[in-house]
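Please read these notes with the structure open beside you. They concern how the two chains meet.

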Amino acid sequence: MNALLVMLLSPVAGAFILALLRPLSWSGWLNVVASAISFGAAITLAWMVATQGEVAGLTFRVDAFNVYLLALTTFVGLTTSIFSRPYMRYVCETGKTGERGMRVYHSMYQTFMFTMLLALTTDNLGVLWVAVEGATLATVLLVSLYRTPEAVEAAWKYFILCGVGIALALFGTVLTYYAAQQVISDPDTGLLWSELYRRSGELEPTVMRIAFVFLLVGYGTKVGLVPMHQWLPDAHSEGPTPMSAVLSGLLLNVALYAVVRLKMLVDGSLAATAMPNMAGHLLMGFGLVSFLTAGLFLHRQRDIKRMFSYSSIEHMGLMTFAFGLGGPLATFGALLHMLVHSFTKSAIFVTVGHAAHIAGTQSIDHIRGLIRTQPAVGWSLLIGVAAIAGFPPFGVFTSEFLLLTATMQSQPWLTLPLVTGLVVAFAGLFRHLHPMVYGVAPTGQLPVQANMLPVAIHLALVLWLGLSIPGFLSRWLDQATGLITGAHLL
Amino acid sequence: MNFTNLPLLQQLVLLLAALVLFTSFALLAQARLVSAIHVFAWQGLLVAAVTTVVAVTSESHHLYFSAALTLVLKAMLIPWMLHRLARRLELDRYVESLGRPALTMMAAVALVIFSYWLVLPMVQQELAFTRNITAISLAVLLIGLLTMVFRQQAVIQVLGFMSMENGLFLAAVSATAGMPMVVELGVAFDVLVAMVLFGVFFFQIRESIDSLNVDQLNRLTETLEDEA
């Protein structure tokens, strides 16, 4: 319990202090320290869950599924804060934002981490909603940090679209509470997920069906499912690079976690009806459409960050499809995919930030010859894109292979669109990547000071996970799979 | 289903909920910005009234607190903030009429019918009372969404958004006799923070495109453009 409180209160304290702290050099370091404390606490919690089983108390609940995401979130938050310290300093020096913007940035970074950690650890569905909406509110000001017309437009679109989506999710939550109240008489425990899960068979199927549609559309907006994805490319491309990294790598995972938790409730409720797999089919439908559409949109992109945002939509679609498919194999693959996608995508966005810095622009047509100008950045981008496209021996290949195997076992004819989509996305990514990395560099393009250590760590981890998943991690994922599907893989 | 057979307080709740739906229609069509803010304030007041009457009938005391919270937040604080923003943005006499009033109104009516159809299987075995209120709250939610789609001015879009939150609150009160206190406080806090951020955004938008017509926020597209 103490570890849980430390993990949650460290970002809150960090946010307060960072809002008031003026010297920029201290802000960067304090951001890193607060993230490190959260990470340490998350690892302690993971250890506690591994030895004692789940940790619960005060309407918080940490089991194998969310402690996995907690460790991932705090780790990527830490490495991104390490990257962001010198990067935001450079941003401040070039005048893209002022001292006040820096304070807003650092304070909102920690607030954002807090809301994500709260969403992951709470047992109360209402507090989950409040935290996900809070995460949106915390990042809205950051997307418009640079105050260009494009950034303001992206932030407005993000605010409105996600706000509307989340409002629909709240209606779904109200309907779930309504169904719960028919079954659980105590009004305060009616929104607790663990209570509802135990008694999910008694929840009224007609209500839960409609509730799930609202919840899927609502939280699905934050996952980036097509056709509610319109805010994602804008928000991820216009914000500062560390923001793109955490939004793509972490927030999408938290939203998908909410969808999966609610799917577990709905599955229990619909198990005895004529259409027990409705939730799974909906997830598969949305996931497949997102995956294919995003793969096609990738080809049209002219801004490098927008291209990788569409790649995020594509991978989230793949994960949603996997969770919808159900069964231990697909769920294990989806959980592994969450991990490797976060690592790879955040590494790519960090590298893209450096690439845009070198070329002075984010336009794909004007970035050239990275590998000659600064080999570290060029090679990282090349390896990162190879990893995210699903090349062996990287971890993304493993999780996609598991997913394809599961699809072939249960819905063999769906393997064809999946493989086609993967090929289309791979073609799009490399078509745009090749001139950027290998083209003729414009004269006068100089290398920049870049800390590539976080990128190297992330890519090395993804490579390691592709070659051999360590025993403790596969057992951890297997426990989470057991929680979600009721059956173990290993 | 005979309304006159219901107890008096339940009839009162139905009347108030119908008035909330009416204000939702009024907000959709209101051309003058300042009047739209007043309509929104009335909607908040009516939702608070519904909450109070439900509190009296169901004897759950935390609903009195929720009613007070709604009254202060939705009927007083947020309209005051919007009013102040309108003055600072020099939008006191801003008038924007609906592009296609007949079509919009028919769409709103279709949404009300859709809401009733959607709620029908859920509360079939319940009283007509609960079904009506839940359907009305979903209709207010969807008409708020319609307002955001059909109106082009940023402040009126925010009013549509806040009206959606009113519909949600009405749903929570009517279907479930209020959510747990911690959730309601969290939602109210989120709405307040959202309002503050909207205020910040109005200035940022106006600074960047010199107008608050969100149709002019159209630089981020994917069509091929010639780049200088």
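**Notes on the interface**

1. Chain A and chain B bury about 4600 Å² between them, and 71% of that area lies on carbon and sulfur atoms. Buried area here is the accessible area (1.4 Å probe) that two parts lose on being put together, summed over both. On the chain A side, A:Glu153, A:Trp156 and A:Tyr178 supply 16% of the area buried against chain B, more than any other three residues.

2. This is a predicted model: local features need pLDDT of at least 70, side-chain atom pairs count only at pLDDT 80 or more, and totals for chains, interfaces and linings use all residues. Residues are numbered from 1 along each chain as its sequence is written, chains are lettered from A in the order in which they are written, and side-chain values use heavy atoms, with hydrogens and water left out.

3. The contact (heavy atoms within 4.5 Å) takes 52 residues from chain A and 51 residues from chain B.

4. Between chain A and chain B there are 0 salt bridges; a salt bridge is a side-chain nitrogen of Lys or Arg within 4 Å of a carboxyl oxygen of Asp or Glu.

5. Which helix of chain A gives the most to the side that touches chain B? Helix 6 does, with 22 residues. Helices are DSSP runs (H or I, at least four residues), numbered from the N terminus.

6. The predictor gives the complex an ipTM of 0.91 and a pTM of 0.93.

Terms used: Helices (H or I, at least four residues) and strands (E, at least two) are DSSP runs, numbered from the N terminus.
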